[in-house]
Amino acid sequence: MSPLKQLVLFIHPLGFAWLVIGLWLIRRLWKRELRSAWLPGIAWLGLTFFTCTPLTSLLLLSLEDQYPSVKIEDAPTADAIICLGGGAAPSLHEPAQVNFNNSVDRMTSALGLLAVGKAPILIITGGGYEQEGVMHSEADAAVAYLKETLKLPQNIESLGVCLDTHDEALKISAMAKERGWKRVLLVTSAAHMPRSVAVFAKAGVKVDPIPCDYLSSFKNIGDRKWIHLPSLSSNQGIAAWIHEVLGLVVYRLRGWI
């Protein structure tokens, strides 16, 4: 990263807070005002460990490494490909009426599997977004773009609005029974895969995991730095890790896995 880009990090609230708290602590330590420094010191150390070191990537790695990565050409064949939502959102202002985000790897991976014939059909899932009393479907928006704008094959279907991964698993389970599916390819973010596989298994759906959208720096080319300035990707990564860990706890308590 260039020196200019490194300086820009301190304009962002995360980097600015880290710098200001650090300078404040140095001043307190210099004056030996230790009693007033210990609580902010804990906050600064926590911020440093999670955003300036590989700690967040190691935590993500504990989830992402539970299922091995699979190349598209090496994936097994199945009755259907299930692409879990999270990679797009319906939009009233984008030209394509859909806004893809950092998790769009889920969709590109699923489309790759469909393109090489790993399954005859692709099912896209996703949540719902309410605007002025109208519910807009993530999956509907994505499928409309793929079929109407890109003119992709018609064997792509939307699962409609789903509440969560558990709801997705139940709807896919019902669809699998109705259509006689015995085996499906499950495509979702690598960190989300452990919870997804568990909830689909509980719903009676046999899946072959196809993890993608790796967030850990240990999975990205040229991104292995042990010590660095506050990283926005680390901030996003720890949010994703907390979401999955808490999700596993909640799903177990509800008997969904």
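A word on conventions before I start. Because this is a predicted model, local features need pLDDT of at least 70 and side-chain atom pairs count only at pLDDT 80 or more, while totals for chains, interfaces and linings use all residues. Residues are numbered from 1 along each chain as its sequence is written, and side-chain values use heavy atoms, with hydrogens and water left out.

Let me begin with the whole protein. Its secondary structure comes to nine helices and nine strands, where helices (H or I, at least four residues) and strands (E, at least two) are DSSP runs numbered from the N terminus. The C-alpha trace spans about 75 × 40 × 40 Å along its principal axes. Of the 257 residues, 43% are buried, buried meaning under 20% relative accessible area, with exposed over 50% and partly exposed in between, for a 1.4 Å probe and protein chains only. If we take the contacts with a separation of 6 or more, 68% of them are accounted for by residues 24 or more positions apart; contact here means heavy atoms within 4.5 Å.

Five strands form an open sheet in the order 7-4-1-8-9, and the pairing is parallel; two strands pair if DSSP finds at least two bridges between them. Strand 7 (156-158) and strand 9 stand at the edges, each with a single partner strand, so one side of each is left without a neighbour in the sheet. On average, and with direction ignored, neighbouring strands of this sheet are turned by 25° against each other. Strand 8 and strand 9 run parallel and are joined by six bridges, and V184 has V207 in strand 9 as its bridge partner.

Helix 8 lies across strand 1, strand 8 and strand 9, and runs at about 145° to strand 8. For such angles, axes are lines fitted to C-alpha atoms, for helices over the stretch in contact, and the angles run from 0 to 180 degrees between N-to-C directions. This helix is mostly covered, with seven of its ten residues buried, namely M193, P194, R195, S196, V197, V199 and F200. What do the buried residues of helix 8 pack against? Their partners are helix 4 (55-64), strand 1 (80-83), helix 7 (165-179), strand 8 (184-189), strand 9 and helix 9 (232-253).

I would like to look at one of these partners in detail. The axes of helix 7 and helix 8 come within 9 Å and cross at roughly 40°. That makes helix 7 oblique to helix 8, since angles under 35 degrees count as roughly parallel, over 145 as roughly antiparallel, 65 to 115 as roughly perpendicular and the rest as oblique. On the side of helix 7 the contact is made by T165, H166, E168, A169 and I172, and on the side of helix 8 by R195, S196, V199 and F200.

T165, in helix 7, counts as buried at 8% relative accessibility. Leaving aside its neighbours within four places in sequence, T165 is in contact with L84, H192, R195, S196, V199, F200 and Y251.

V205 then sits in the loop between helix 8 (193-202) and strand 9 (207-212), and, at 7% relative accessibility, V205 counts as buried. Again leaving aside neighbours within four places in sequence, V205 is in contact with A169, I172, S173, V184 and F200.

Finally, the two places elsewhere. L113, in helix 5 (residues 105-115), counts as buried at 0% relative accessibility. Apart from its neighbours within four places in sequence, L113 is in contact with I72, A75, I81, K118, A119, L185, V187 and I210. The other place is a hairpin formed by strand 5 and strand 6 with two residues between them, where E132 in the turn has a positive phi of about 55°. Strand 5 (residues 128-131) and strand 6 (residues 134-137) run antiparallel and are joined by four bridges, and in strand 6 the bridge partner of E130 is M135.
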